[in-house]
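Biologist: I have a new model open. Walk me through how to read it, feature by feature.

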Amino acid sequence: MESQEINTNHQVAGQSEENEMSQLFGKSFETRDDLLQSTKRFYLKNGYATTIKKSKKDRFVRIGCDRGGVYRNRQNTRLELRKRKSSSRLINCPFEVIGRKRSDGTWILQLINDSHNHEASSDMSGHPSCRRFSVEEMRSVEEMASSGIPTRQILSSLRQKNPGLQAISRNVYNSIHKIREENLGGRTMVQALFEELGEGEFFYNIKHDENGCLTHIFFAHPNSIILARSFPHVFVMDCTYKTNKYKMPLLDIIGASCFNTSFYSCFTFMEKEREEDYVWALTMFREVLGPNCQPLVIISDRELALMNAIRVVFPTTTNLLCVWHIEKNILSNCKRHFEAQEDWDAFMSSWNGVIRSSTEIDFEKNWRLFEELYKERREVLTYIEKTWLPFKEQFVDAWAEKFPHFGHRVSSRAEGAHAKLKAYLQVSTGDFRQVKEKICLAITNEFQEIKALLSSGRIRIPHNCNNAFFKEVVTKVSMHALKELYKQYEMVKHGTMDPSCTGHFLSSMGLPCAHKMMTTWKDGVLPISSIHPQWRIDSLSLTCSDGMMNEEDNFKEMLSELQDKFKKWPLMHKEKARDTISQLVSASLHSLREPSSGSKQKRGSSSTQRDPSRFEIVEKRRKCSGCKNSGHDIRTCPSKNKVSEQISYSIANSLDESAIGGIDLNMVPDLDLFSSFN
């Protein structure tokens with residue numbers, strides 16, 4: 001009975017398939033695409049994937065099974081010699097149908113061979129043609145990829161809209177690659193990069209070697225230029241790595257806004273980190289800032305080549321050293337000389353006391369005390385004396401707090417900016433153009449955030465500052481500046497300020513300190529003139545820079561003057577001018593090429609995560625499982641030895657000589673058992 005039902009079902013299914021096939025081959029199609037889609041749907045339902053084998057526009061299209069044809073070894077390489085072990089789905093399936101265009105413009109389908117030499121597929125996801133994206137899906141892929149959305153999230157978004165989507169991550173990667181190739185439009189990456197930088201009104205410059213290979217690229221986004229010229233006082237400079245497939249270091253110059261937020265000022269891909277490389281990059285940065293503009297303070301780590309370049313390009317600028325990097329460098333070079341953690345903590349506390357010396361006299365006193373405490377650790381003192389003391393004016397409070405750094409004494413802004421940039425990059429295998437596109441996304445977002453903070457600061461009044469004393473500064477200085485001012489106001493109000501004024505807050509922050517408030521404006525109003533321009537938002541304008549407009553106006557004036565003189569020149573001069581202008585107009589950068597990406601990267605090497613610093617390696621050394629301190633293991637732990645001595649002493653005192661003589665020493669417990677109690 002059951003077998004009869006099964007046979008009946010098969011007969012019904014066969015009749016239904018025959019009916020659909022007769023309808024397919026007896027139907028007229030308005031367009032070629034209608035014919036292709038109908039054919040694809042019919043055979044997919046029956047477990048077969050179709051593909052176009054041959055076609056001629058407005059004449060015919062030959063459709064076959066995607067397993068038709070045979071594998072062709074185009075490289076003529078023996079399979080056993082290939083490094084990549086590949087496979088093929090082609091088994092010369094004979095199935096074939098032809099679509100032809102008739103005289104009335106419609107299309108019909110003709111069956112040539114309906115047989116297959118393989119079984120129908122129960123799951124069509126193994127066929128590449130079934131994993132292709134539709135036109136609408138390709139448009140979504142392009143939009144999401146250009147927005148910096150990771151591949152896995154693109155695929156998840158597409159699958160939410162189409163639960164039956166059979167595409168995999170490789171299809172997304174291939175689609176993005178295809179989109180990028182189409183966007184190049186036959187141009188090289190370098191040509192496309194320069195055209196986009198020029199059309200986008202970037203400030204950029206390049207250097208190349210004698211072979212036309214790019215060695216340096218400097219570029220600044222128009223929004224970055226506006227921010228750099230609006231807040232030209234303090235910058236943090238640092239290189240980051242693992243950002244591009246050429247393995248070139250990327251110099252990232254970070255600015256600080258009045259809202260205590262960071263912004264990208266400019267970027268430079270450099271061949272190496274030599275002094276001449278930094279001098280070239282900083283010279284370009286000086287052009288971005290505009291004429292006669294020197295930053296007040298630049299924060300960096302102890303990169304001697306960069307420090308020398310800063311002195312060359314910005315001679316009046318103060319270069320402060322990051323105190324956090326100093327601490328970590330000392331950790332890397334000195335911690336091995338301290339066995340106990342408490343000794344190391346005491347050492348770092350003493351060193352921080354030296355750094356925090358508020359006057360030069362205090363520094364001399366604290367340094368002498370530091371020398372006396374650690375005179376027996378000569379190697380440690382020698383390292384600090386030779387490496388850091390020559391630069392004491394660049395990190396010790398007695399000197400550093402005299403300069404307007406506006407609260408920036410560490411390069412954490414650069415570290416945070418590097419991390420944010422790499423979150424946009426996602427991989428370290430992008431070319432210059434791809435990296436530039438991701439950088440543009442980051443800059444556009446941060447520029448909008450700063451604009452929103454500016455607009456908000458002009459209409460919001462903090463409740464604690466809504467009094468007569470602050471009436472001239474509210475809505476005219478940033479919220480961050482108001483918070484700092486209110487802290488000083490609270491000190492005056494509660495009498496918690498230091499008895500004497502060092503002047504450090506006023507000189508370093510550009511804001512009046514508590515002592516100034518108490519002696520000058522105790523019963524009056526805080527004047528807006530007492531606030532440094534860094535914090536002012538009443539006169540701040542985040543529109544196209546005047547300097548950029550002046551450059552365009554100057555060029556137009558030169559062209560107008562040239563045109564007037566050209567009319568008065570003799571023919572010989574006119575011909576020479578035409579030749580010169582023609583050479584300039586036809587000048588091409590097409591001969592320039594991108595640097596070599598070096599050896600082929602290994603699988604898994606596309607990560608942007610930086611390599612661990614030396615201090616991180618030191619801190620991650622295996623610690624003692626007993627006392628949890630570093631510098632030794634459980635076998636040589638001082639705490640274990642102390643416990644062992646105490647146990648031995650107790651046993652010896654609790655037993656007399658006769659009792660000891662009767663003890664089987666094999667029954668005495670192993671003292672290693674007591675290490676777990678430490």
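Modeller: Start with the overall fold. This is a predicted model. The protein has 24 helices and 11 strands. Of its 678 residues, 41% count as buried.

Biologist: What share of the contacts with a separation of 6 or more comes from residues 24 or more positions apart?

Modeller: The share is 63%. As for the surface, the protein exposes about 39500 Å², and carbon and sulfur atoms supply 50% of that.

Biologist: Which residues make the nonpolar surface patch?

Modeller: A patch member needs over 30% relative accessible area and no salt bridge. Here Phe555, Met558, Leu559, Leu562, Ile581 and Val585 make a patch of about 600 Å².

Biologist: Which helix gives the most to the nonpolar patch?

Modeller: H20 does, with 4 residues. Helix H20 spans 546-568, and helix H21 spans 571-586; each supplies at least two residues of the patch.

Biologist: Is Phe555 buried or exposed?

Modeller: The cut-off for exposed is over 50% relative accessible area. Phe555 sits in helix H20. Phe555 counts as exposed because its relative accessible area is 51%.

Biologist: Now a charged residue. Where is Arg413 placed?

Modeller: Arg413 lies in helix H15, residues 412-425. Arg413 is buried, yet has no salt bridge.

Biologist: How far away is the nearest side chain of opposite charge?

Modeller: For Arg413 that is Glu446, 9.3 Å away. A salt bridge needs the charged atoms within 4 Å.

Biologist: Which residues is Arg413 in contact with, leaving aside neighbours within four places in sequence?

Modeller: Val236, Ile254, Ala256, Asn260, Thr261, Ser262 and His408.

Technical notes
Residues are numbered from 1 along each chain as its sequence is written. This is a predicted model: local features need pLDDT of at least 70, side-chain atom pairs count only at pLDDT 80 or more; totals for chains, interfaces and linings use all residues. Side-chain values use heavy atoms; hydrogens and water are left out. Patches are made of residues with over 30% relative accessible area and no salt bridge: like charges are joined within 9 Å, nonpolar side chains (Val, Leu, Ile, Met, Phe, Trp, Tyr) within 5 Å. Accessible areas come from the Shrake-Rupley method with a 1.4 Å probe; for residues, only the protein chains shown count as cover. Buried means under 20% relative accessible area, exposed over 50%, partly exposed in between (1.4 Å probe, protein chains only). Lys and Arg count as positive and Asp and Glu as negative; His and the chain ends are not counted. Contact means heavy atoms within 4.5 Å.
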